[in-house]
Amino acid sequence: MDEAKTRRDFLSSMALGAGLLASGCNRSAAPNSVEPPSGPADVTLRIGPVLVDIAKDHTISTVGYNGASPGPLIRLKEGVPVTVDLFNDTDTPELVHWHGQFVPVSVDGAAEEKSLFVPAHGNLRYRLTPQPSGARFVHTHVMPMSDLNRGTYTGQFAFVYIEPKTNPGQYDQELFLATHEWEPFYTTEEEEEEEEGAVKKPPPQKDEKPNGWEIGYQRFTINGKCLGFGDPLRVKEGQRVLFHFLNASATENIQLAFAGHQFQVVALDGNPVPHPQLVDVLELGTAERIDAVVEMKNAGVWILGTPKDDDRMNGMGIVVEYANKTGTPRWVKPQRKPWDYTIFGDSRQVPNPEEVIQLAFGKINGGTGGFNRWTVNGKSYDDKAEPRTLQKGRRYRLVFDNQTDDAHPVHLHRNSFELTNVYGKPTAGVLKDVVLVKGFKKIEADVTPALDGLTLFHCHQQLHMDYGFKLLFNVV
Ligand SMILES: [Cu+2]
């Protein structure tokens with residue numbers, strides 16, 4: 001408990017320190033500041049170069065927030081407005097996206113929505129009202145395209161935890177764990193879906209180009225450390241520990257298991273689920289969050305990490321150490337069972353939508369040495385196309401129809417959607433802002449837009465998003 005608290009205090013004092021520093025040096029307001037700086041901000045993020053010591057004699061040079069990656073944990077109160085200062089110490093304009101929050105387009109941090117940029121070597125101040133409560137995060141939204149040193153390939157991400165107005169608080173210790181991969185490289189190797197029931201890729205059609213570039217990684221971390229480096233998580237027998245997991249990957253969908261333990265999943269993407277369930281393995285598409293309580297009733301030294309042996313050996317894991325226990329951390333291969341969002345949902349009937357919107361995902365192979373292109377309803381994103389209009393307060397059913405063999409973690413900005421059908425199984429009550437749609441499968445989700453303005457829908461896999469997998473809505 002002390003461990004986590006100390007780290008939190010350290011991180012928030014760091015954020016505060018940066019805030020004081022920022023107001024102390026009295027930078028002039030950049031042209032697109034919406035409010036002139038006066039007095040310290042409630043939240044300060046300084047975008048700049050960072051060195052991340054991920055393992056012994058292994059340092060990553062990247063860009064992060066407030067001198068670290070992950071950046072500081074940002075704790076906000078639901079409905080209580082805060083002033084945010086963003087400073088950009090890099091040579092390129094940046095976008096800071098408040099993922100999963102219902103905020104106006106100006107501060108949402110997406111170029112397609114015409115949000116404000118943080119100018120290179122400049123700053124931006126605005127106010128935002130945090131909502132809804134739960135585990136959110138903040139990350140860069142620039143499009144790196146082929147440059148693997150930019151965008152979400154960097155260390156620009158941080159947890160945002162929005163305290164609910166009333167907190168159930170039934171846990172003894174709270175831990176925030178973010179996964180991220182480093183040293184990306186281009187590869188021709190495609191990631192196979194190993195799951196039972198996964199639809200196999202059909203043989204290539206005549207005249208079809210082969211698959212284009214995919215991304216691989218050398219190193220894998222949780223909270224910026226490879227497995228075996230950095231402090232273990234320290235727990236005591238009998239504790240209930242609330243874990244907040246975030247997949248802060250640019251491109252990877254991951255699974256996590258905790259040897260000797262089970263996860264009681266209580267919230268998905270920060271939203272409490274109707275029916276918390278015990279599972280052995282968590283699955284998180286890029287940008288997904290899972291909150292899970294673990295009862296510490298198996299004293300020892302264990303590994304929490306990915307079931308993929310290669311990735312775990314390259315760092316994707318963290319040691320969990322019970323008080324007064326020593327020894328080599330143990331790993332136990334978990335049972336393989338497909339992740340099923342519907343086990344956390346209700347069986348009740350959902351209201352009929354007023355309109356159904358089909359969103360068919362397609363892929364055009366890029367060929368050897370090229371980039372695949374991605375389409376929604378047959379078209380790659382075109383910034384000159386008129387956005388599709390949605391009416392505020394109207395219930396829409398979005399049909400995510402994945403006509404490709406890749407899994408897609410699709411994300412809708414400035415809204416949550418309710419899962420209503422997953423791979424043919426009806427469900428209700430599971431609210432999310434990202435959902436992972438497996439190859440050649442369909443998920444339906446209902447959304448009732450409440451906020452005016454441009455609203456971006458896209459695949460959160462960076463390479464897919466950059467090469468066409470986006471669609472712009474306009475809520476009126
Ligand atoms: Cu995708």
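In which strand does glutamate 183 lie? In this predicted model, glutamate 183 belongs to strand β9, which spans residues 173–187. Its backbone takes a positive phi of about 55°, although the residue is not a glycine. Most residues other than glycine have a negative phi, and most peptide bonds are trans. With a relative accessibility of 30%, glutamate 183 is classed as partly exposed, because values between 20% and 50% fall into that class.

A positive phi, of about 50°, is also found at asparagine 223, again not a glycine. Asparagine 223 is placed in the loop between β10 (214–222) and β11 (233–235). Its relative accessible area is 18%, so asparagine 223 counts as buried, the limit for that class being under 20%. Aspartate 57, in the hairpin of β1 and β2, takes a positive phi near 55°; 2 residues lie between the two strands of this hairpin.

The bond from serine 69 to proline 70 is cis, with omega near 0°, and proline 70 sits in the loop between β2 and β3 (74–77). Glutamine 131 and proline 132 are likewise joined by a cis peptide bond, with omega at about -5°. Proline 132 is located in the loop between β6 (123–128) and β7.

β1 pairs with strand β2 (residues 58–65) through 8 bridges in an antiparallel arrangement. Within this pairing, alanine 55 has histidine 58 of β2 as its bridge partner. β1 is also joined to strand β4 (residues 82–88), in this case by 5 bridges and in parallel orientation. Valine 43 stands opposite valine 84 of β4.

The copper ion is coordinated by ND1 of His408, SG of Cys459 and ND1 of His464, at 2.0 to 2.1 Å. Along the chain, these donors follow the spacing H-x50-C-x4-H. Cysteine 459 and histidine 464 are both buried, and the relative accessibility of cysteine 459 is 0%. Cysteine 226 is buried as well, at 3% relative accessibility. A search of the whole structure returns 0 disulfides.

Histidine 139 is part of strand β7 (residues 134–140) and is buried, at 2% relative accessibility. Its side chain forms a polar contact of 3.3 Å with the side chain of histidine 460.

Aromatic pairs number 16 in the structure. In one of them, phenylalanine 243 and phenylalanine 258 have ring centres 6.2 Å apart and planes at 75°, so the pair is edge-to-face. This pair links distant parts of the chain, with phenylalanine 243 in strand β12 (residues 240–247) and phenylalanine 258 in strand β13 (residues 254–258), 15 residues apart. Phenylalanine 243 is buried with a relative accessible area of 0%, and phenylalanine 258 is buried at 2%. In another pair, the rings of phenylalanine 400 and phenylalanine 457 have centres 5.6 Å apart and planes at 10°, so this pair is stacked. Here too distant parts of the chain are linked: phenylalanine 400 lies in strand β23 (residues 396–402) and phenylalanine 457 in strand β29 (residues 453–459), 57 residues apart. Phenylalanine 400 is buried at 0% relative accessibility, and phenylalanine 457 is buried with a relative accessible area of 0%. Ring pairs connect Phe400 and Phe457 with Phe361, Phe417 and Phe469 in a cluster.

Asparagine 298 occupies the loop between β17 (289–295) and β18 (301–305). Its relative accessible area of 29% makes asparagine 298 partly exposed. The C-alpha atoms of asparagine 298 and histidine 261 are separated by 7.2 Å, while the two residues are 37 residues apart along the chain. Not counting residues up to four places away in sequence, asparagine 298 touches Gly260, His261 and Tyr322.

Methods: Residues numbered from 1 in each chain as written. Predicted model: local features only at pLDDT ≥ 70, side-chain atom pairs only at ≥ 80, totals over all residues. Heavy atoms only, no water. Helix = DSSP H or I, 4+ residues; strand = E, 2+ residues; numbered from the N terminus. Buried < 20%, exposed > 50% of the residue type's maximum accessible area, 1.4 Å probe, protein only. Polar contact = N/O pair within 3.5 Å; in protein donor to acceptor, adjacent residues only side chain to side chain. Donors = N, O, S within 2.8 Å, 3.2 Å for Na, K, Ca; no water. Disulfide = S-S within 2.5 Å. Pairing = 2+ DSSP bridges. Phe/Tyr/Trp six-rings, centres within 6.5 Å; stacked < 30°, edge-to-face > 60°. Contact = heavy atoms within 4.5 Å.
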